[in-house]
Amino acid sequence: MRRGINLALTGFRENLEKMSAFANRIKNQLVYLAWMQALIATVGSLFFSEVMSFVPCELCWYQRILMYPLVLVLTIGILLRDQYIRYYALPLSLLGLGIAAYHNLLYYGVIPTGWHVCTGGVPCETRWIQWFGFVGIPFLSLTAFAIVTLSLLWYSLPKTEYEDNLPETSQSISYHWIKRTVSVAMLTVYAALFLIALTNGKPDTINKSIPSTAYIAPASAESLTSVGEQLITEGRQLYSQSCANCHGSEGQGVSGLGVDLSDSPFIAANTDSVLLEFIKTGRQVSDPENSTGMTMPGKGSNIALADDEILAIITYIRSISVNELDLSEN
Ligand code: HEC
């Protein structure tokens with residue numbers, strides 16, 4: 001009986017040792033994970049802006065400023081086997097993490113509009129992508145900064161001779177304590193933002209806010225106007241999320257990005273269904289009809305836009321148009 005227990009204990013201890021040896025081996029590789037994540041984030045962000053023509057917002061720029069150098073800094077640190085790598089990489093990734101967290105709170109509507117720092121240029125809430133219905137670019141950025149930071153925090157350095165001679169100082173104990181606290185705090189924030197993104201990320205469709213029966217049988221002239229007004233309001237909101245970056249907040253156009261829509265003969269001369277098709281496909285620079293040499297991305301790059309949402313946007317654009325709809329040319 002005793003022997004049996006002893007044997008079991010030895011087996012357990014051996015397993016524990018094996019497991020901690022395995023954990024140590026993983027810890028030693030974490031710096032490569034941080035490097036790879038920084039590289040993927042950098043390439044991805046360049047892909048979004050240079051290939052997909054998404055315009056980076058103000059907060060996006062700060063996150064890029066902090067993410068891009070991480071690739072270089074980590075590469076050099078790895079090549080030099082520098083044991084202090086985390087001391088110059090963590091400040092970048094922690095700052096980036098803070099900005100990304102703030103950006104997500106704006107993006108998912110937790111911070112009231114009055115507090116926005118994002119004033120110039122593209123609105124920080126612009127939804128260029130909507131993966132799985134809730135993952136936007138700010139969330140990808142937050143994930144990248146979280147992975148880089150956690151990897152660097154837990155990355156254990158190969159002990160140098162100098163360190164081997166040091167007694168277990170109180171400093172290293174307090175570093176462990178900081179490591180744990182920061183990790184727990186970060187994971188809590190990440191989980192909270194994940195939940196917020198999941199619940200707030202789904203785009204509201206027009207169908208939700210306007211009962212569909214209202215389209216079919218308006219009870220009176222009064223309710224007809226109110227449905228029209230509601231559609232315009234809805235359209236304006238969608239427009240400001242997906243189109244205003246390039247076409248201006250009032251459709252006045254932004255030089256170098258998009259044309260004036262309020263005074264567009266193209267809009268005045270075409271039906272809603274033609275405009276719907278045009279907005280869905282966009283117009284590449286290579287298109288012979290392209291007159292500006294700039295890309296109009298399909299759906300303004302907001303792939304989550306549904307047809308009825310684009311129709312609401314068209315209703316809004318017609319409401320700000322200085323030209324009357326004139327189909328006589330067709
Ligand atoms: C990345 C910038 C960008 C975004 C975002 C964008 N557009 Fe455009 N849009 C353009 C450019 C550039 C043109 C002009 C293309 C050309 O030269 O033919 C254009 C042209 C148009 C035109 C034709 C205007 C005319 O007079 O020829 C319409 C209509 C239009 N956009 C609607 C929209 C709508 C609606 C959205 C939002 C769903 C949107 N655009 C989002 C850049 C953009």
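Arg81 counts as exposed because it has 11 C-beta neighbours inside 10 Å. A residue is called buried if 20 or more other C-beta atoms lie within 10 Å of its own, exposed if 12 or fewer, and partly exposed in between, with C-beta atoms placed from the backbone. Arg81 sits in the loop between H2 and helix H3 (85-107). Its phi is near 50°, a positive value in a residue other than glycine.

This is a predicted model, in which local features need pLDDT of at least 70 and side-chain atom pairs count only at pLDDT 80 or more, while totals for chains, interfaces and linings use all residues. Residues are numbered from 1 along each chain as its sequence is written.

The protein chain as a whole may be considered next. Its secondary structure comes to 13 helices and two strands. Helices (H or I, at least four residues) and strands (E, at least two) are DSSP runs, numbered from the N terminus. The protein chain has 330 residues, of which 26% count as buried. Among its contacts with a separation of 6 or more, 75% join residues 24 or more positions apart. Two residues are in contact if their C-beta atoms, placed from the backbone, lie within 7 Å.

The packing of helices comes next. Two packed helices are described by the angle between their axes and the distance between the axes. Axes are lines fitted to C-alpha atoms, for helices over the stretch in contact, and angles run from 0 to 180 degrees between N-to-C directions. The axes of helix H1 (residues 2-51) and helix H2 (residues 58-79) cross at roughly 140° and come within 9 Å. The angle makes H1 oblique to H2, because angles under 35 degrees count as roughly parallel, over 145 as roughly antiparallel, 65 to 115 as roughly perpendicular and the rest as oblique. H1 and H2 form a left-handed crossing; a crossing is left-handed if the near helix is turned anticlockwise from the far one by less than a right angle, and right-handed if clockwise. Residues of H1 that make the contact include Val31, Trp35 and Leu39, and those of H2 include Met67, Leu70 and Leu74. By class, the residues of this contact of H1 with H2 are twelve nonpolar, three polar and one charged. Here Ala, Val, Leu, Ile, Met, Phe, Trp, Tyr, Cys and Pro count as nonpolar, Asp, Glu, Lys and Arg as charged, and the others, Gly among them, as polar.

Gln37 is found in helix H1 and is buried, with 24 other C-beta atoms within 10 Å. Gln37 and Ala144 are 107 residues apart in sequence, yet 6.1 Å apart in space, C-alpha to C-alpha. Not counting residues up to four places away in sequence, Gln37 touches Ala144, Ile147 and Val148. Leu59 lies in helix H2 and counts as buried, with 22 C-beta neighbours inside 10 Å. From Leu59 to Pro138 the C-alpha distance is 9.2 Å, although the two are 79 residues apart in sequence.

A second pair of helices is H12 and helix H13 (residues 307-320), whose axes come within 10 Å and cross at roughly 115°. H12 and H13 are therefore roughly perpendicular to each other, and H12 passes H13 in a right-handed crossing. The contact involves Asp272, Leu275, Leu276, Ile279 and Lys280 of H12, together with Asp307, Ile310, Leu311 and Ile314 of H13. These residues divide into six nonpolar, no polar and three charged.

Leu261 counts as buried, with 22 C-beta neighbours inside 10 Å. A residue is near a molecule or strand if its C-beta atom, placed from the backbone, lies within 6 Å of it. The ligand is surrounded by 26 residues, and the closest are Cys243, Cys246, Thr292, Met296 and Gly300. Helix H10 (244-247), helix H11 (265-268), helix H12 (272-281) and strand E2 (296-297) each supply at least two residues of this shell, and H10 gives the most, with three residues. By class, the shell has 13 nonpolar, eleven polar and two charged residues.
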